[in-house]
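Biologist: Could you walk me through this structure, one step at a time? I am new to reading models and would like to see how each answer is reached.

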Amino acid sequence: MIRLALDAYDRRRAKRRNPPATLSHEPAQEGGSARVRSSTPVIEVSHLEKTYGKVHAVNNISFDIRAGEVFSFLGPNGAGKSTTVEILEGLRARTGGEVRVLGLDPWSHFDQVKTRIGVIPQDFHFFPKLTPREAIRLYARLFNAKVDPDEILARVELTDKANDYYDTLSGGQHQKVGVALSLVNDPEVCFLDEPTTGLDPRARRSIWAFIRRLRDEGRAVLLTTHYLEEAQQLSDRIGILNFGKVIATGSPRAIISEFGRPERIRIVGDPSIASRLKPLGLPMTQTDGEVEVELHSKNDALPILQTVSTSGLRWESFSTVNDSLEDVFIRMVGHLEDDTSTTPTRGEVAT
Amino acid sequence: MNLGRALAYFPTFARICFRSRLGVFMTLIFPVMLILVFGAIFANTGSTRVPLSVENLDRNSPLSQQFLAGLNDTGVVSVSLVSPTVGNLSDYVTHNSLVAGLVIPQGFGATLTNRSPVRLLLFTNPSSAVAAGEVQGAVQGVANGMDLRIAGGSPLVTYVDLNAGGHIFTVIDYLVPGLIGFSVLVSPMMQMVNLSSTWKREKLFRELSLTPLSRGEWLFATLLWYVVLALVSTVLLTGLGTLLFGAHVTLTPLALPFLIVGPVLFVSIGLLAGTVSRTPEVAGMIGNVITFPMMFLSGTFYPVSMFPSWLVPVAHALLLYYLIDGLNASLLFGNVSTALTDLAIVTVLAIGFAFAATEAFTWREERGRVLPRRNVLPDGARGPVAD
């Protein structure tokens, strides 16, 4: 109780400091607003298991999420992300382990939990012949929430579409309706299951800014996404799932640091450069006209440059190379999803 | 269950249904169209008497006139005279798609007066076998009576034919309860089958499940909507039938339970069909398979008593029959015991199907369902099935 009261206090304090989250085309200012992070987790998952017959969909996973934190799940199709999220939302029963959302078991206390969470499901749909304003009014009546539909519509930039039927709206506007509805009950925890899939870059950036504001208001956000760039930009911590298991968890930087390869120097030029660098004893890879040399420390860089410089061989460029989250993900999980028809040019993984 | 929440959802559901073209058509326009069309067809028939065309070649004899009067008095046939100039009556019956034609031969009266046998010619249309049978019975009965009278005898066994309820009911009278039953069937069934399968596919039930609205509250609001529709269509169809076509229908409180239990029964069946179907297309097919036989064979457009005998047990096996029979008993005959028997049957069925539907229809996890996955792992190894 004390823990929940403290969390609630944190959230109220954050709201006083920050205006309500709005969708905006302006990128969120990093560190531009006060961040509220509670040390007590609002989501606690311990040894969670879910089986369907002999199939282990979720296999003994544990993690926690704190208020004011964005936690992202990455993983290939069938890794168990959506199953985990649906167990946390109270929509699926677990087979084993413990789960607490805001201190409650979401399956047995579904009615209490659902009034305090906001959900934007994967591929959000709503009643085709209802308008966004009517949808918000309906949710307000059901949640017994005193909200101004026009204010919420303004926050998600749907004011001019307030009276249009849902089935006449674009894909991005559909998603905004989902965002609007998830805000009606002023949730403490937000579950966003691939919220930007299929959106154009402008709409995607707008949702990103919105997610940052949710975090800044002190809400916990559990995000699953196809886009590695999105996860890297938005997440405080990431969990990588594969075969129903969490195989890595931590901040994007910590995961790259722990699971990525060391920093490297890449030299483009004469293929003979590689043989000149061999005496330095550093690990090296060579592809067509490119040599990559791993650095054990920053001090290794200078001898490499000197060796190339004094060799008299032709070289075109020097650059340093660091692993991205995408590189780490590919190494840990396999490869990128092949369906990239609606995705950005890089940074997408299957979820 | 929170009644306030159910009532808060009710107007939204009403909007959803009314804004769907199929919903409005099935709910209001179609039953009204049917009563206007069938009312126009049947209102002027006056009764359910079978028309009998008579070529009287002995027009001036009192006995032939007595015979025709006797036929009219049976209440089974309605005699209309055709001119002897039509020629062959058999061809006339066939070409004009008549049920039956009777030829009274020349000298009919004189021959009978001499107590000699006389032969009438009755042509019946094989395509109207049931009605033709009624004509044969009437002609035979009148002929026997006349034989007895000429022979100087008098009938020892007689009967008085009284219409139950003291009124001769016409097709339009039966049509009003039939169409009320039709609208109680069609709108909930068609819409629920479509809605429950489509909402499942579009994950709209999941959306609602994440609000405080409970499964029971959703179901209550849905049922309430269809009960209101049943009441509205009852008033509408009764009004149109009475005012436009002179139907003899009396709205009684006895009909009210049918208008509550009926929607419960068909909403439950529709929900069950939509829930157990994998796709909306399959659900639609199941819905049609259930709905169409009931629509045509339960006494909706014509009383079951006029069905051929082999079809009657089929009608009795259909759920809608008991609803329409109960509506007939309450709206036409005022027959309380039949109405209560039918109500008991419909109620038991409604409870059974409602129980099955609520067991199958879940807000949350679909039991035992394993979702397919695409394997994207590098080594081609198969992983667990979930997403």
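Biologist: Glad to have it on screen. Of the contacts in chain B with a separation of 6 or more, what percentage is between residues 24 or more positions apart?

Modeller: Before we start, please keep in mind that this is a predicted model. We take the contacts in chain B with a separation of 6 or more, and pick out those between residues 24 or more positions apart. Their share is 78%.

Biologist: What is chain B built from, and what percentage of its residues is buried?

Modeller: The secondary structure of chain B comprises 14 helices and four strands. Chain B has 387 residues, and the buried part of them is 42%.

Biologist: Is Gly109(B) buried or exposed?

Modeller: Gly109(B) sits in helix 5 (residues 108–113) of chain B. Beyond its neighbours within four places in sequence, Gly109(B) contacts Asp58(B), Ser61(B), Pro62(B), Leu63(B) and Ser64(B). A residue counts as buried if 20 or more other C-beta atoms lie within 10 Å of its own. Gly109(B) has 20 such atoms within 10 Å, so this residue is buried.

Biologist: How far apart in space are Gly109(B) and Gln66(B), C-alpha to C-alpha?

Modeller: Along the sequence, 43 residues separate Gly109(B) and Gln66(B). In space, C-alpha to C-alpha, the distance between them is 9.8 Å.

Biologist: How are helix 2 and helix 9 of chain B oriented relative to each other?

Modeller: The axes of helix 2 (residues 21–42) and helix 9 (residues 215–245) of chain B come within 10 Å and cross at roughly 20°. The crossing is right-handed. Residues that meet there include Leu28(B) and Ile35(B) from helix 2 of chain B, and Leu236(B) and Leu240(B) from helix 9 of chain B. Angles under 35 degrees count as roughly parallel, and helix 2 and helix 9 of chain B are therefore roughly parallel.

Biologist: Now chain A. Which residues of helix 6 of chain A make the contact with helix 4 of chain A?

Modeller: Helix 4 (residues 132–143) and helix 6 (residues 171–183) of chain A pack at about 25°, with axes 9 Å apart. That angle makes the two helices of chain A roughly parallel, and their crossing is right-handed. Helix 4 of chain A contributes Pro132(A), Ala135(A), Ile136(A) and Tyr139(A), while from helix 6 of chain A come Val177(A), Ala180(A) and Leu181(A).

Biologist: What covers the buried residues of helix 4 of chain A?

Modeller: Nine of the twelve residues of helix 4 of chain A are buried, so the rest of the structure largely encloses this helix. Among the buried ones are Leu138(A), Leu142(A) and Phe143(A). The cover includes helix 5 (149–155) and helix 6 of chain A, together with helix 1 (3–18) of chain B.

Biologist: Which residue is the bridge partner of Phe73(A) in strand 7 of chain A?

Modeller: Phe73(A) belongs to strand 3 (residues 70–74) of chain A, where Phe71(A) and Phe73(A) point one way and Val70(A), Ser72(A) and Leu74(A) the other, all of them buried. Strand 3 runs parallel to strand 7 (residues 220–224) of chain A, joined by four bridges. Strand 3 also pairs in the parallel sense with strand 8 (residues 237–242) of chain A, over four bridges. In strand 7 of chain A, the partner of Phe73(A) is Thr224(A).

Terms used: Residues are numbered from 1 along each chain as its sequence is written. Chains are lettered from A and ligands numbered from 1 in the order in which they are written. This is a predicted model: local features need pLDDT of at least 70, side-chain atom pairs count only at pLDDT 80 or more; totals for chains, interfaces and linings use all residues. Two residues are in contact if their C-beta atoms, placed from the backbone, lie within 7 Å. Axes are lines fitted to C-alpha atoms, for helices over the stretch in contact, and angles run from 0 to 180 degrees between N-to-C directions. Angles under 35 degrees count as roughly parallel, over 145 as roughly antiparallel, 65 to 115 as roughly perpendicular and the rest as oblique. A crossing is left-handed if the near helix is turned anticlockwise from the far one by less than a right angle, and right-handed if clockwise. Two strands pair if DSSP finds at least two bridges between them.
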